[in-house]
Amino acid sequence: MKLWNFDAKSSRRNGTALDVYSFEAEASSDGGEKELAAFGKRQQLRACSPPAPSLSLTRTNAPFHIAQLRLLFHSRPDMHVDGDMGRSILRVFTFGLTNGGPAGLVYGFIICWIGTTALFCSLAEMASAVPLAGGQYSMVSEYAPEGTGNFLAYVTGWLTCLGWQAATASSAYLGGTMVQGLIVLNKPSYEPQRWQGTLLFYAMILVSVIFNTFLAKFLPKVEGLILIIHVAGFFGVLIPLVHLAPHGSGSDVFTQFSNGGEWSTQGLSFCIGIVTGVYAFLGADSACHLAEEIPNASKVVPRVMVATTLLNGILGFAALMAILFCAGNIENALETPTGYPFIEIFYQATDSTGGATAMTCIILALVFFATIGLIATASRMTWAFARDNGLPGSRWLAKVSLSTFPSKFLPSN
């Protein structure tokens, strides 16, 4: 594919400032068709219609509110989003605990929270003016200096597209290996094999794809269930952990650093371990890639992005504090044969294989739901980039099925 075939420019690029408020009312009444037309696009994906305020949020015809809630609580149409901050922290807990230690995890999380909030406040403002599924590359196309927009948008599009594909793979891989960790916990004689983890990875991807295609019409109900599991699971894990586990001191959490990776300096080790905090905040921008399916997206999407970051930051910090104060023997947690220190922490806290398994299964369920949302977001990003001829085979990838099987107006490629 040649770069000059790519064209992310819209008909709005005429030297005038983009103003979202001038068409908010139009977008709310026509499902966003006029809003898209202002950017030279046409409505191809099925837009959700907001129900009357009196309708229950759990009703099948209430996808508008569920879309907002799932973005807020993360099902990263995630938070279609990776919205379960506690789950995200636990999945990559090892990196921060090894490099940086408990204190490194705390201060690294705070730094990432502040930086991410500032970042998404900026992105939210641009998303309000450019509510397109392309997300960042569409924003770059609109705001880059004349003569550079297409090239910079092309590079941004590739980075964003690959980033979402990688995020999907990481979630599925961690979910698959987490299953192996549970098997080790319940059957110590089991020796995990890499090929088994790979098969579990493909199984999680396959089931998530089925949910996003053949079972797409059930997603509103599923997302409602995810919301319940997210909130209930948060307390279902933290209450037993805080109640049953021995509690450490403040100095153990706020002053204990570690350099388990044996880097040249403790500062460098801290910078390596900060990946735990970074990973935990990934995904709030997924709302951008759902913009063409949400009525009044120029107003809803920015609010969702900022609210997701703030709300999940609070939940994540609470989860992190609980885990660190109840971590018990850090060395045993790091050396656990399950491969996941949090599983060992759960086991130490409950002194029960069954209890640790139940708590881990809550995390595993959220990982699976996150993968469903990640695939939905990644597919929309890929489709949007292909629509602007940014990918090889764009003509095929940009097609949207108009049949009712597996789902009407679903980018099935």
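## Salt bridges

The count comes to 2 salt bridges, each defined as a side-chain nitrogen of Lys or Arg within 4 Å of a carboxyl oxygen of Asp or Glu. The model is predicted; local features need pLDDT of at least 70, side-chain atom pairs count only at pLDDT 80 or more, and totals for chains, interfaces and linings use all residues. Residues are numbered from 1 along each chain as its sequence is written, and side-chain values use heavy atoms, without hydrogens and water.

Arg-387 pairs with Glu-292 at 2.7 Å, N to O. Arg-387 lies in helix H17 (residues 353-387) and Glu-292 in the loop between helix H13 (275-280) and helix H14 (297-325), so the bridge ties together parts 95 residues apart in sequence. Helices are DSSP runs (H or I, at least four residues), numbered from the N terminus. Both Arg-387 and Glu-292 are buried, meaning under 20% relative accessible area with a 1.4 Å probe, protein chains only.

Arg-380 and Glu-293 form a salt bridge at 2.4 Å, N to O. Arg-380 sits in H17 and Glu-293 in the H13 to H14 loop, so this pair links parts 87 residues apart in sequence. Arg-380 is buried at 8% relative accessible area; Glu-293 is buried at 12%.

## Helix packing

Helix H8 (residues 149-186) packs on helix H16 (residues 341-350) at about 35°, axes 10 Å apart. Axes are lines fitted to C-alpha atoms over the stretch in contact, and angles run from 0 to 180 degrees between N-to-C directions.

H8 contributes Met-178, Gly-181, Leu-182 and Leu-185 to the contact; H16 contributes Phe-342, Ile-343 and Tyr-347. Contact means heavy atoms within 4.5 Å.

Conventions:
Helices (H or I, at least four residues) and strands (E, at least two) are DSSP runs, numbered from the N terminus. Buried means under 20% relative accessible area, exposed over 50%, partly exposed in between (1.4 Å probe, protein chains only).
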